[in-house]
Amino acid sequence: MSALPQRPGKIVALHLNYPSRAAQRGKLPQHPSYFLKPSTSVARSGDAVERPAGTELLGFEGEIALVIGRTARRVSPADGWSFVSGVTAANDLGLYDLRYADGGGNVRAKGGDGFTPLGPEVLDASSLDPAGLRVRTWLNGALVQEDTTVSLLFGFGRLVADLSQLITLEPGDVILTGTPAGASVAVPGDVVEVEVDDTAGRSTGRLVTHVTAGTVPFGPFGAQPRADERQRAEAYGTSTPAFALTPELRQRIESVSTATLSSLLRKRGHEAMSIDGLTSTRPGTRLTGLARTLRYLPYREDLFRLHGNGYNAQKLAVDALGPGDVLVIEARGERGSGTIGDVLALRAQVAGAAGIVTDGGVRDLCAVAALDIPAYHAGPHPAVLGRRHVPWDTDVAISCGGAAICPGDVIVGDSDGVLVIPPDLVEDLVDAALEQERQERFIAGQVAAGERVEGLYPMNEHWLARYRATQEGRPCDSAPTRA
């Protein structure tokens, strides 16, 4: 254990770092972004924090805090972790009621006295694996946040390096490294607890914060607290309710064909839901997952110099993939270069992604086809990305193969092709598809037995009655006879 800084010189907080929180917010940043908290916001375990009078939305965010151990200026990402002396638990408290007045700076919303509880113990960073930490948060004894550092958008060494490009980090400075999904609101009387531990069982202990009610109202000489439905939704974590593609729902989707789903989408007025012109590297493998998107711009030399090299949007999008995700790429139907190759496709597979869909070319096609992950593409091409494309945006609405895709849409593929399904249609659509395929199996059985398709496909009232009888286990001759 090392010492907890009594009054950090600087507290630098990161906006987004956990994929679960980024998905909840509907944003996937390409680079880390920060805000500052005053040293007077520091509190200790067991302290009370006041929710100011007239406010409603005191948000809590369990986080991992890094304590800087030696002066860092222009250090590399590979060396960044070595400048961290300790790790502790933090609670990044803030008032959503004042966000509108801060213009993104968070001075008042996040800077109140007691709004940065730290502790209770500091773990020695030299004994820790920065990718092997876990943060958990409890609200009144109920676990509400839990995540690990294995898939952070921005590793801890990178944060130290990035900040040290312009700001000298000094011993005792604190970096708050972002919060996972599950952050919400605490009210007077609530108790919030945060703990950081590792796989070896080393723990900071629980950082305990008691929330009390303030009695002194804000004066008329500054912005007044203001809450609306948008702020309430964001504070409580309900602004973008996550669609859950459960194993049971995935199984039901994969029990019906894309042909059936496509016909039912058309019946519901959705005519442009197929991603056209693509071939699968594994035509016998079903694809079901949630869309994560990547957009390329047409190649332009100056833009590629700025956005095409290093850790660009393409690599960020692949690294951000998680289990069940489908990377969907907008390449404008341009087949004159590869939009993904074997190394990044392998990375997507290792991350547990369900598949890759691009309306552009695939490089190293034989190697990509040898992977277990299915990739739908417009054709092979040996050229690298920069011949025709600039990697530009991630997790934005895109066009792919003539279809519009939003992050979080359900992507379904088989040997017939690929569909995009809005999440709010999935349950109803699958129920209808299962029923349609039951009917089609009945029709096929009748055709195999020698029946004519007239009146049977589609079924008239006579055949519908016979079908219903078989579904209910009644003898078919109890159904009305054909007129």
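Two strands count as paired here when DSSP finds at least two bridges between them. Keep that in mind for the views below, which come from a predicted model.

**View 1. Strands β6 and β12 pair side by side in antiparallel fashion.** Strand β6 covers residues 62–68 and strand β12 covers residues 174–176. Three bridges join the two strands. Look for valine 67, which sits opposite valine 174 of β12.

**View 2. Seven strands line up in an open sheet.** Reading across the sheet, the order is β2-β1-β12-β6-β7-β9-β3, and the pairing is mixed. Which strands stand at the edges? They are β2 (34–37) and β3 (42–44). Each has a single partner strand, so one side of each is left without a neighbour in the sheet. On average, neighbouring strands of this sheet are turned by 35° against each other, direction ignored.

**View 3. The second largest pocket has a volume of about 650 Å³.** Its lining is made up of 27 residues, and those closest to the pocket centre are His15, Arg25, Lys27, Arg99 and Glu234. Several elements give two or more residues to this lining: α1 (19–25), β8 (94–95), α3 (99–102), α4 (107–111) and α6 (229–236).

**View 4. A second look at the lining of the second largest pocket, sorted by contributor and by class.** Which element gives the largest share of the lining? That is α6, with three residues. By class, the lining of this pocket holds 11 charged, nine polar and seven nonpolar residues.

Key: Residues numbered from 1 in each chain as written. Predicted model: local features only at pLDDT ≥ 70, side-chain atom pairs only at ≥ 80, totals over all residues. Heavy atoms only, no water. Helix = DSSP H or I, 4+ residues; strand = E, 2+ residues; numbered from the N terminus. Axes fitted to C-alpha atoms, helices over the stretch in contact; angles between N-to-C directions. 1 Å grid on protein atoms, 1.4 Å probe; cavity = no way out; pocket = protein on both sides within 12 Å on 5 of 7 lines; lining within 4 Å. Points joined across faces, edges and corners; volume = space filled by probe spheres on them. Nonpolar A, V, L, I, M, F, W, Y, C, P; charged D, E, K, R; others polar.
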